[in-house]
Amino acid sequence: LAVRDTALLLFFYDTGVRLSEACGVKLSDIDWAERTVLIHGKGAKDRYVPLGKRTLAALRNYIDTVRAKHRISYREELWLGREKVFTENGIYQMVRERGLAVELDKMHPHVLRHTFIHNCLAAGMSEGHVMELTGITSREMMDRYAKSTRAERAIADHRRLSPADRLAA
């Protein structure tokens, strides 16, 4: 379970996908050569999301070692639970339990989505690109996600770009 859970947590952290989207990923949705995954989004809107090297390695490890030995490994769904396909509720519970194990009381998949968005914006990714990757279609929704960490990003930008610090000596 640790191998699967690590892969799934990295998947959430690296992609910012919704719980329902992660639950719907099939083996055939992963393009190993392009390092992307096809996400079947809200409103039947499909999009490709890139996967980092660490996430790909964790997925490969899960698929080749744990998933391959599962009694229902013939199924197309990527995420398998103990006995059956991992449901949204099962994934939610796993994320909660893993969070509690490291004393993160409010951990759930949506927190990882917020974290992804914050990290992308803090690293300098444009809001338009974040919207494209996460399937956010409205400006209002993007503002909602970005609002919670906007001040933190503004302070970090100021530290990096301080007008006074940039004065010629």
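1. Rings of Phe, Tyr and Trp (its six-membered ring) pair when their centres lie within 6.5 Å, with planes under 30 degrees apart called stacked, over 60 edge-to-face and the rest tilted. Please keep in mind that this is a predicted model, where local features need pLDDT of at least 70, side-chain atom pairs count only at pLDDT 80 or more, and totals for chains, interfaces and linings use all residues. Residues are numbered from 1 along each chain as its sequence is written, and side-chain values use heavy atoms, leaving out hydrogens and water.

2. Two aromatic pairs turn up in the whole structure. Phe11 sits in helix H1 and Trp79 in the loop between helix H3 (53-66) and helix H4 (88-101), 68 residues apart; helices here are DSSP runs (H or I, at least four residues), numbered from the N terminus.

3. Trp79 is buried at 1% relative accessible area, where buried means under 20%, exposed over 50% and partly exposed in between (1.4 Å probe, protein chains only). The rings of Tyr62 and Trp79 are stacked, because their centres are 5.3 Å apart and their planes at 20°. Tyr62 belongs to helix H3, 17 residues from Trp79. Phe11 is buried too, at 1% relative accessibility.

4. On the cysteines: Cys23 is buried at 17% relative accessibility, and Cys120 is buried at 10%. The structure holds zero disulfides, a disulfide being a pair of cysteine sulfur atoms within 2.5 Å.

Methods
Helix = DSSP H or I, 4+ residues; strand = E, 2+ residues; numbered from the N terminus.
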